[in-house]
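Dear colleague,

Please find below the structure that I am handing over to you.

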Amino acid sequence: PTKVPRPLRRHRRQSGTVRAQMGTSVVALRLSRALGSRPAASLAISATATVLLAVIALVAGNFSIAADNAGWYSRGTTLADRHVQLLRLFDWDWNDSEYSGCGPSISADCWAQEPRRLSEEKCKKTRGSDLTVIYRAKQSDADLLSPDLLRQVCELESEAIRVLRAGACQPPSSGCSAVRGGECLAPVSVVSLLRDSLGWELACADLAADPATVRLAEALGLVGYDYTADSPSTRTLAAVFPLVRDSALDFLLEVHHAGTLRLASANVDTAYGMWRRDDFRNAVTDEVLFSDMALVYGSLVVSLVCVLAYTRSLFLSVVGLLQVCFSFPLAFFCYSIVCRLDFFPFLNFLGLFVIMGIGVDDLFVVVDKWSQAARSLPPGSDVPTIAAVAGPDAALTMLLTSLTTAAAFFATAVVPVAPVRVFAIFMGFMVLADYLLCLTVTFSAVCLQHRWLQRAPSSRRARCLLSLLDFSRCSSRPPQEAAAPRARVLERLMSGPMHIAVHRGRFVLLALFFAALGLCVWQVANISPPSSTAVQLLPESHVVERYETWKQDFAEEDSSEMFVVWGLTPGDTGDHNNPELVTDLLADLDWDPSSREAQRWLLDFCNATASDPAAPRATDIGCPLRDMDDWLVDSAAAGQPRCGGASRLPVPPDAFHPCVEEYLSSEDRYSWYMGMRTYRGRLVALVASYKVVINFDSSYEQVRDTVDEWEGWMDTQNKGAPDGVRGGFFTSARVHWWDTNRSMLLGAYYSIGAALAVVFVVVLLATLNPLTTVYATVSVGTVLLLVIGTVLGVGWELGFLEGICFAILIGLSCDFVLHMAHAYTSADQPTRELKSRDALARMGPPVFAAAMTTLSTGLVMFGCTFVFFFQFGTILVLTMLYAILTSLFFFLPLTNAAGPTGRCCSLAPLSTKGRASGGADKEASTQQACAAEPEMGQIRQSL
């Protein structure tokens, strides 16, 4: 390591510009020279340490990817704390399947989104795993009960029956209709019901809709809710094919892959799925997800080709790719070993494709800084000297962007959704790990390659063998040994025609950008909440997505249940970063419903909520104490008094809890079904249920208004409640999902604000120039607004998946502008035009190459079927496009038009002695430094 003379140190203290160019610390220069002096050893040591930490992380951290969809609900918010207590009360596991299925709920919460099943006759009994085919008319005003369309439905059903096979279909019971030669139980459908009454030998053309049969089918949930007595027509019908439960999923996947159930006629389309379970949907979604991963892997190959084209070195390209890949296990080391985070969702794995763009940018910066340093020094300068110039400059340049990007990701960790939160933490660690690897592994590789090329023989054969290190070496004429390397074509293009265009057209470019920015601000200002809180994972044309959409035609008024809970305290004591670690049950210590006043108030609450005009619009479907009161009345009327002779509620306080036990133990009642939970002879929790007109596909505003209504109603009721029953709260799975969407959106807004704040602070500390800082912050904000405004303009809504994409966008939008801001500030030129030209020449090529590489990666994802991958690719492409356009055609025109020069707007401190000494003393001190060590003179001259 080089010892820096004292005069040069004093010169650094006096000159803020030289200090920024040569590095804020002597340590950076010494480390750079050390790496350049022993590049092979440095590369070997850093690579060994990297591999060792990676192995420790993957082995000791028990690396595994959670491929399921667990945890995609908010935790830690007020609404989330309420709902997890309800789930814990009834022993629901904290996983996604419990939300989507009809488990041991308080009442029939699943009928709001799935077909009704009101008949349990032996021949018409259906199971959740049965195959369901939905028929839907292509014309919105068509009627499937008309003779022609009913004939087409019958023919399609006959084709579906031919798909069934023995061993998969449910065998018929005695006296039940059968198909396929008696091997399979007949499907439960309108067609089968008509054949039961008219004869199974009847041809499809001879079938006609019988009103009595249609009403029976309606009771079975096989007719859409658009069918009414006043309007006896429907666009949608369903048929349920009974399957053997154990082999149902395998059979459905088999026929799905074969395509034998993709049925359609001239006027009728079909979709298929499972009757009341999500197993088939989840299996198909996972298949699409993993098949798309092959295409996503292809994007890495595209990135490698782009890196190869820019660096012109297979060696550096491979090292750069390894740098990006090894940042994954190093980040996992911090994630799992240091932070003790156990939950690793599939979303974290996508961080590889995010870090690809960031890592490629860092690689290009190192390569270009090295090339610029080699050209600035005298020809034949050794590797340590070049490293001393390039290392500190590259380290500081990458430090600014890495800190900003990592901080932007860490800020996204405020989102109270476990997969998004841990993804943000993991991405922050990946950015920092990539920065460290670029400073050690990649920089050592660049030093080693330069040394190999310097020592290479001059023969053409030897040069071509070394073309893996530098393609340009294999040329028709050997390069002159003493000649300095020429600037690259892209660098000459940036410093020449591009700079001229930017400088001459700066006011036109600014006008265009401000116009586009104003349009996007207007678009964002008029943003409307998402029209639905549902999450679409597959394209609308996919059979699984069609089935999920058409299934809503059997849902009654888009309704769901709202629960009012007493006896519990909202809270979540589990690990919010791990969906497998659920909360404890938190009891309301003030809960005591035994007093007569409390019993009477609870009894009246149900009636008031269902009938009071001031109450939210709801229908009472489950009031436990009212059912208990009816039981007492009926028992007394039958001459069988209960609870010590009580004829109705309220009962004496000391008899209340024993009376609840007696009520629940009579007639095989279950506490979880009746909305009551007892423990050691006491009623510890009470749950009432109401039907409300919201569902998973209800609009954001509709659910928000419903939540506000219930908040106001419960506050009013609790204030007037007697002691012991004042802690009631409302909750619902639909409300919880709405809270998740709201948390995602609020988290995205907060992350954007935090990212801009971090950009402001980092740029201000790096440049000590408020004007440059304002330009950079406005430019980063411009990138965000342009991307958001564009996707809103093409019809996107800020829904759940979009919130995830914007969380990724925030971390990618800062780099290019920060590179330009740092390059402009550190340029030692007298005018803003020359400073802008210097910034464009030095940072334009790596920024442009990194943008094109990452943009190419995003374009590959346009071929994916999975909606999230397509949206992720769209966000990636738009972010890179607007980031490069903003840095070149907005930030640089700003600096060309009104950029700071010299000491203008600078906060860099100057000592009194430094100001008094003037340029002569500075030059003298510099000459002393150069005389003390000639290499330092070369470094200073190059800067």
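Cys 606 and Cys 623 are both buried in this predicted model. The two residues form a disulfide, with their sulfur atoms 1.9 Å apart. Because the torsion about their S-S bond is about 85°, this disulfide is right-handed. The pair links distant parts of the chain, 17 residues apart: Cys 606 lies in helix H21 (residues 596–611), and Cys 623 in the loop between strand E7 (619–622) and helix H22 (624–637).

A search of the whole structure finds 4 disulfides. Another of them joins Cys 643 to Cys 659, with an S to S distance of 1.9 Å. The link of Cys 643 and Cys 659 is right-handed, with 80° about the S-S bond. Here Cys 643 sits in the loop between H22 and helix H23 (653–665), while Cys 659 belongs to helix H23, 16 residues apart. Cys 643 has a relative accessible area of 11% and is therefore buried; Cys 659, at 1% relative accessibility, also counts as buried.

A disulfide is likewise found between Cys 169 and Cys 184 (S to S 1.9 Å). What is the handedness of the disulfide of Cys 169 and Cys 184? The torsion about the S-S bond is about -65°, so this disulfide is left-handed. Cys 169 is located in the loop between helix H7 (147–163) and strand E2 (178–179), and Cys 184 in strand E3 (residues 184–185); the two are 15 residues apart, and the pair links distant parts of the chain. Cys 169 is buried, at a relative accessible area of 2%, and Cys 184 is buried at 0% relative accessibility.

Cys 438 has a relative accessible area of 0% and is buried. Cys 520, at 9% relative accessibility, counts as buried.

I turn now to the nonpolar cores. The largest of them has 248 residues, and Tyr 135 and Trp 710 are those with the most contacts inside it. Helix H16 (residues 418–454) contributes the largest share of this core, 21 residues. Which residues are in contact with Trp 710, leaving aside its neighbours within four places in sequence? They are Met 562, Val 564, Thr 609, Pro 616, Ala 618, Tyr 690, Val 692 and Phe 730. A second, separate core has 9 residues, including Leu 86, Phe 563, Val 565 and Ala 685. In soluble globular proteins, nonpolar side chains tend to be buried together.

With kind regards

Notes: Residues are numbered from 1 along each chain as its sequence is written. This is a predicted model: local features need pLDDT of at least 70, side-chain atom pairs count only at pLDDT 80 or more; totals for chains, interfaces and linings use all residues. Side-chain values use heavy atoms; hydrogens and water are left out. A nonpolar core is a set of buried Ala, Val, Leu, Ile, Met, Phe, Trp, Tyr and Cys residues joined through side-chain atoms within 4.5 Å. Buried means under 20% relative accessible area, exposed over 50%, partly exposed in between (1.4 Å probe, protein chains only). Helices (H or I, at least four residues) and strands (E, at least two) are DSSP runs, numbered from the N terminus. Contact means heavy atoms within 4.5 Å. A disulfide is a pair of cysteine sulfur atoms within 2.5 Å.
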